[in-house]
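Subject: Model handover

Hello,

Here is the structure for you to look over. My notes follow below it.

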Amino acid sequence: MTSVDITPEARRRKAASPFVRRIKRLGVVLFSILATLFGLLFVTFLIARVMPIDPVLAVVGERASNEIYEAAYKQLGLDKPLVVQFFYYVWDVITGDFGMSTLTARPVLQDIARVFPATLELATLATIIGVVLGIPAGVIAAVNEGRWQDQILRFIGLFGYSMPIFWIGLIGLLIFYGKLGWVGGPGRLDIYYVDIVPSVTGMILIDSLIVRDWTIFWNAVSHIILPASILGYYSLAYISRMTRSFMLEQLGQEYITTARVKGLSETKVIWRHALGNVMIPLITVIVLSYATLLEGSVLTEVIFAWPGLGNYITNALLSADMNAVLGGTVIVGLVFVGLNLLSDILYKFVDPRAR
Amino acid sequence: MSEQTELSGLKAWLSTDVPASRFQAKSIQFYLGWLKLVSNPLAFLGFLILLVLVFCAMFAPFLAPVDPLTQDLAKRLSPPGVNGYLLGSDELGRDILSRIIYGSRITLFIVTLVAVTAPVFGLLVGTFAGYLGGWIDEVLMRVTDIFLAFPKLVLALAFVAALGAGIENAILAISITAWPAYARIARAETLTIRNSDFISAVRLQGAGTLHIIVRHIWPLCLSSIIVRMTLDMAGIILTAAGLGFLGLGAQPPMPEWGAMISAGRKFILDQWWVATMPGLAIFIVSLGFNLLGDGLRDILDPKKSKS
Amino acid sequence: MNEQETLLRVEDLWVRFPTRNGIVEAVRGISFAVGRERVGIVGESGSGKSMTGRSILRLVRSPGQMTAKEINFKGDNLLDYSERQMRDVRGHKISMVMQDPKFSLNPVMTVGKQISEAYRLHSGASRGAAKRKAIEMLEAVQIREPERVYNSYPHEVSGGMGQRIMIAMMLIPDPDLLIADEPTSALDVTVQMRVLAIMDKLVKDRGMGLIFISHDLQLVSSFCDRVIIMYGGKIVETCKASELHNAQHPYTRGLLAALPQIDEPKAKLEVLDRDPAWRDQESVVAYD
């Protein structure tokens with residue numbers, strides 16, 4: 001008697017060489033990313049061409065003579081058809097040339113490289129807070145569905161989705177810095193500590209640890225704790241809500257009953273069986289929440305005078321430094337796309353059904 | 001079944017089990033939904049908050065104690081309750097309460113315009129993409145993905161930078177960043193519905209694509225879109241306030257709440273009320289939309305509301 | 001059959017669920033006993049048969065409530081047990097095989113790990129010893145290449161294999177009583193018999209008791225020694241499987257008549273005519 005021990009899918013999968021399959025999948029993914037990036041550049045290009053500011057005047061100044069204007073016009077390639085301009089633009093971006101900032105007179109990319117680690121530091125710390133506090137909170141809320149633990153979480157989430165982050169940042173500064181003096185004020189460090197520690201990663205917390213300068217380390221902590229906590233609160237609200245949702249879904253599944261039938265304690269059922277299944281979609285959520293923090297950091301950085309990418313873009317905006325604004329926007333868009341890609345990859349890695 | 005005595009007029013009409021017309025059936029649905037809303041205290045609170053918002057916007061001239069633009073430099077930065085200013089006065093001596101009340105008009109203006117443009121556009125794109133499929137679907141979804149690839153605030157910033165500061169440009173920028181989410185939802189719903197038997201039945205009767213999409217698919221997408229829209233409104237208010245805070249929304253001396261916070265930022269340590277009060281207004285309105293949205297989700301999508 | 005020890009004795013079991021429209025009674029005061037024999041519980045959906053199975057293991061989750069005068073297992077009243085003591089009973093003394101392995105196995109854990117877990121939980125064995133025992137068990141349920149299957153994930157095996165894995169997992173701690181809740185309902189007909197045969201052999205070899213819950217009267221009657229028929233949360237009839245054709249209750253007779261017989265062709269199949277009075281009758285006590 002023949003026994004069908006292997007499902008047709010498994011058999012087919014084993015037939016095609018895994019290498020070929022992987023290349024095929026990679027190709028599809030690559031194409032879709034490139035298409036998105038292309039569109040991204042297209043949008044920023046359009047924005048740049050739509051603006052009412054004359055790019056030539058921005059470079060040569062208002063009092064330039066006609067000849068100089070014409071020369072600059074040709075040099076900027078503005079006499080060529082739009083399509084050609086677009087390809088020049090794409091090429092520039094690929095080679096990392098985002099133009100010069102009219103504010104700092106330095107290449108935009110260089111400026112961005114300087115400010116990016118500050119945002120990175122903030123977003124990373126906020127995500128850590130969100131994950132470490134959010135996942136257990138979500139689990140507890142799901143396990144106690146409907147009871148007070150769940151209601152508290154619901155309110156945390158509700159407040160998180162309703163409060164303007166820049167307002168809560170101001171109030172936080174008012175209370176914890178102004179009235180209580182528990183944390184440092186705006187900026188990453190007290191004035192007299194700036195630029196003492198050599199910048200290796202650009203993240204002061206790490207750099208000061210490398211040289212074991214504890215004074216600067218704790219000073220940096222006192223400055224980052226408030227903005228990171230506020231951003232972390234938003235991250236926590238989101239992650240905990242999603243954790244709760246996923247956990248509730250899993251707790252209704254049959255395999256949970258099986259685990260209980262086997263005689264497992266409820267703790268093991270939740271943390272060993274259910275959580276393993278929850279982590280799969282949750283990893284995507286965590287990566288995406290990291291991406292959302294890039295957005296939240298824009299306003300937070302303004303409030304806390306945090307010299308990161310968000311602050312950079314905002315200042316550039318207010319000074320009509322279009323190259324910087326667009327450069328920053330492209331970088332943010334790239335990071336977003338990159339993070340989305342990362343979350344897809346991680347998902348396939350973690351879910352045995354998707355391999 | 002029930003031994004109730006005869007219900008009078010309207011109530012009887014709304015409680016009948018056998019509606020006589022489509023209008024009656026729809027009204028009954030509406031009524032039942034309303035009962036559900038009222039029975040949910042938090043959702044009802046959200047509804048009341050929004051009612052207050054609309055009320056303030058409509059009757060601002062009657063509700064505000066003074067004109068929001070009148071300055072009185074002698075009484076600038078008065079604390080709440082002093083000098084007749086219920087919520088205090090700002091750096092130019094203007095009454096904060098009046099400014100907040102008039103600011104509700106701006107908030108409502110922004111919210112309404114975005115609510116009318118973004119979901120409609122998203123619905124159009126999403127349903128056509130989902131129903132027609134093929135390369136139209138691919139292209140439209142690619143475009144949607146591109147817009148979703150930006151964090152909303154940053155994209156709105158870039159747009160306003162290009163178009164110039166001002167309330168109309170801010171609204172346009174927000175709408176441009178908001179529509180993709182609705183396109184995604186509409187497309188997902190369309191894909192679910194498009195293979196249903198009743199769609200096939202209508203098609204067999206000779207219905208064209210446009211007819212199917214408009215008369216059959218749109219009504220079914222409506223509830224998800226409405227729920228999403230109400231919940232989004234909260235975020236849109238925050239984004240608009242953020243733009244205002246950066247000086248990119250309504251221009252001074254208009255009493256836009258975000259701009260008021262920005263103006264009050266300098267004084268936060270000593271005259272905290274200037275920045276705090278408008279922020280409270282933003283918070284309450286946003287909360288109202290969130291509460292109402294949650295409640296609507298329970299009513300319209302009870303299966304999905306279990307999370 | 002008289003010498004057989006009674007493994008399980010359930011007396012006056014009730015399961016109630018509070019809903020928005022009042023209290024729903026899934027099980028309404030049933031009493032029965034099971035020895036080292038195969039007892040089938042047959043009923044349609046909503047008859048309360050699945051809830052009965054779960055009640056024995058005290059796995060009725062709130063808001064559902066289970067009450068009974070006694071659930072006696074090998075001399076002890078399970079109702080008096082603490083949760084910790086119940087955890088010792090579950091899997092170790094009483095086990096349950098569920099309906100669909102697609103859903104009843106953890107999708108992100110290898111099959112082997114799940115089986116080993118069941119063994120280690122009640123024996124404290126090392127990982128290596130558990131692995132060997134698990135592979136032994138996989139062989140006992142006639143799975144070829146047990147090593148390979150040990151490292152597979154549930155979605156990589158077929159339905160029949162998944163159910164055999166389930167059986168292996170539930171029998172590895174060597175329980176005295178096995179509850180099978182619709183064990184073959186999710187399987188292809190061709191595979192059903194094979195899985196049942198494997199289950200039957202193992203139960204017989206180990207001298208276990210079996211409670212076979214199903215909606216399939218014919219299957220149950222051919223497989224079990226005794227049959228209990230449930231309707232509307234009550235037991236309406238009980239008899240030996242061999243004497244099923246002599247059943248008295250109109251519901252049972254209706255079920256039997258609705259089955260097509262290959263040697264008695266009929267022009268029209270009988271349709272069961274449900275008498276609402278059945279719901280109000282006293283539940284039949286099924287101790288033997």
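What follows is a chain-by-chain account, then the pocket and the cavities.

This is a predicted model, in which local features need pLDDT of at least 70, side-chain atom pairs count only at pLDDT 80 or more, and totals for chains, interfaces and linings use all residues. Residues are numbered from 1 along each chain as its sequence is written, chains are lettered from A and ligands numbered from 1 in the order in which they are written, and side-chain values use heavy atoms, with hydrogens and water left out.

**Chain A**

Chain A has 14 helices and zero strands. Helices here are DSSP runs of H or I with at least four residues, strands are runs of E with at least two, and both are numbered from the N terminus. The C-alpha trace of chain A spans about 90 × 65 × 40 Å along its principal axes.

One salt bridge is worth a look: Glu121(A) pairs with Arg188(A), and their closest N and O atoms are 2.5 Å apart. A salt bridge is a side-chain nitrogen of Lys or Arg within 4 Å of a carboxyl oxygen of Asp or Glu. This pair links distant parts of the chain, 67 residues apart. Glu121(A) sits in helix H6 (residues 108–143), while Arg188(A) is in the loop between helix H8 (165–179) and helix H9 (204–210). Over all chains, the search finds 38 salt bridges.

Check the backbone at Ala305(A) too. Its phi is positive, about 50°, although the residue is not a glycine. Ala305(A) lies in the loop between helix H12 (266–303) and helix H13 (309–318) of chain A.

**Chain B**

Chain B has twelve helices and zero strands. Its C-alpha atoms fill a box of roughly 75 × 60 × 30 Å, taken along the principal axes.

There is a cis peptide bond from Pro252(B) to Pro253(B), with omega near 5°. Pro253(B) is in the loop between H10 and helix H11 (257–264) of chain B.

A nonpolar surface patch is made of Val54(B), Phe55(B), Met58(B), Phe59(B), Phe62(B) and Leu63(B), with about 590 Å² of accessible area together. Two elements of chain B, H3 and helix H4 (60–63), each give two or more residues to this patch. H3(B) has the largest share, three residues. Phe59(B) falls in the loop between H3 and H4. Patch residues have over 30% relative accessible area and no salt bridge; nonpolar side chains (Val, Leu, Ile, Met, Phe, Trp, Tyr) are joined within 5 Å, like charges within 9 Å. Areas come from the Shrake-Rupley method with a 1.4 Å probe, and for residues only the protein chains shown count as cover.

**Chain C**

Strand S1 (residues 6–19) and strand S2 (residues 22–35) of chain C pair in the antiparallel sense over eleven bridges. Strands count as paired if DSSP finds at least two bridges between them. A hairpin of two residues joins S1(C) to S2(C). Val15(C) has Val27(C) in S2(C) as its bridge partner.

S1(C) also runs antiparallel to strand S5 (residues 70–73), with four bridges. There, Val10(C) is the bridge partner of Ile71(C). Three bridges join S1(C) to strand S4 (residues 65–67), again antiparallel. Arg16(C) has Gln65(C) in S4(C) as its partner.

**Pocket and cavities**

Both are found on a 1 Å grid over the protein atoms alone: a cavity is a set of points where a 1.4 Å probe fits but cannot get out, a pocket is an open set with protein on both sides within 12 Å along at least five of seven lines, and lining residues have an atom within 4 Å of a point. Grid points are joined across faces, edges and corners, and a volume is the space filled by probe spheres set on the points.

The second largest pocket holds about 1,300 Å³. It is lined by 32 residues, and Phe30(B), Leu222(B), Ser223(B), Ile226(B) and Leu300(B) are the closest to its centre. H10(B) supplies the largest share of this lining, ten residues. The lining divides into 23 nonpolar, six polar and three charged residues. Ala, Val, Leu, Ile, Met, Phe, Trp, Tyr, Cys and Pro count as nonpolar, Asp, Glu, Lys and Arg as charged, and the others, Gly among them, as polar.

The structure holds three cavities of 30 Å³ or more. The largest cavity has about 80 Å³ of space. Its lining includes Thr107(B), Glu256(B) and Trp257(B). H10(B) gives the most to that lining, three residues.

Best wishes
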